[in-house]
Amino acid sequence: MLILKRADFGVGIADEGIVRVSSLSDWGSCPIAINRRSIYNPSLELTKSPTAIIGSIVHAVLERGEDTGRIELFNSLIEEIELELSLSSRTSHLVPLRKTIGESKWRTTISRLESFGVASLPSKRRGKFVGKSNRRLRIGREIFLESSDKSVGGIADQISAFDNGVIIDEYKTGDIFARDGRTKSSFEFQLIAYGLLAEEYDFYGKIRLRLSNGESTVDVNFTDSSKKVVSEKINRAKDVVSRGDKTPIPGVDCKYCPMRLVCGDYYEAVMGWWNHAPDFDIPSDIIGEIQSVSHEANFTKIKLLDLAGRPCVVRGISARHKISSNDVGKKIAIFNISSKSQQVGEGGRRLHPLSFFENSTSQRSSFYSVTDIFELQ
Ligand code: SF4
């Protein structure tokens, strides 16, 4: 089992960091979470999900801007990342990525990669500018946009010109619709934020926003009311950054924060949330003391008492974590586990789980997060 020492703890914003549009979409109030790509020690981030890894590779391929040779480039980048993943005990089980994410998801990713944006950008206009001043808006793929005060920025997948202005395209490798059939709000947020940044540049005409995953393409409303919601959040983030506030504020941001592994404020807050469950999604982590270890087929089952005093069980733990009965009595933190059943906790206001299982590669779930386990010393 990997060991995490208290001395490893510490999160922070790099001083030169700008607020990234992609961090803002689900940002609540923690100043660190606004720019969560900046961490003092990146090797102490939680393991990225295979879906996120493949999404970054797709973006790296699109960044090159060529319509041909994409699959060859994709395959060679996959080879590079697989070599890197195979060198760490935390990530070697994810190789080969094709098997980990499953054949059908792999084939969809390849066909989406082939169809992304090819038709919509006339080659002769690539990399050209529209507008005349030194804040001209550039068109092409992977265009960096930033606010005029340089405090907020992000990379738009593609900006192209059309008769009445510019189209900003955002490409996603996964679903763009939520369960209720509506466009995912975090994607809409991101595009509207790009639209607002683009408005600060010099260009002619209107802005049209388009979201696509290669199979479906939808327009995102860029109206006064949608702009108002997003610009309020951007202004709030700018305000936090300008105040120089770097104190972590545990809450809604923690759910997907890769820095919770080394965030002392998170450890102190999270276990209290179970018994007084707040109205936001609590991260699927358990921190507690191992009470017993047993083995079922090729997997390990542990019972532990978590810091909220809840007796919990975690099943299906892979042998790669090397947990044995010698670990009974140790304090551990398990990140990114799943649960099926839920119970009402003592004093709790809502249902919460006591029985968990490791997110395993054999589940073939394309969106699972990777389970990390650490002994806390
Ligand atoms: S874990 Fe929570 S409190 Fe800590 S930096 Fe991340 S969002 Fe902020």
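Around the ligand, the shell is made up of 12 nonpolar, no polar and 3 charged residues. In this grouping, Ala, Val, Leu, Ile, Met, Phe, Trp, Tyr, Cys and Pro count as nonpolar, Asp, Glu, Lys and Arg as charged, and the others, Gly among them, as polar. A residue is near a molecule or strand if its C-beta atom, placed from the backbone, lies within 6 Å of it. Of the 15 residues around the ligand, those that come nearest are Cys30, Asp253, Cys254, Cys257 and Cys263. Two elements, α2 (31-34) and α9 (264-275), each give two or more residues to this shell; helices (H or I, at least four residues) and strands (E, at least two) are DSSP runs, numbered from the N terminus.

The model described here is predicted: local features need pLDDT of at least 70, side-chain atom pairs count only at pLDDT 80 or more, and totals for chains, interfaces and linings use all residues. Residues are numbered from 1 along each chain as its sequence is written.

A hairpin is formed by β8 and β9, with 4 residues between the strands. Strand β8 (residues 206-212) runs antiparallel to β9 (residues 217-220), joined by 4 bridges. Arginine 210 has aspartate 219 in β9 as its bridge partner, while glycine 214 in the hairpin takes a positive phi near 90 degrees.

Methods. Two strands pair if DSSP finds at least two bridges between them.
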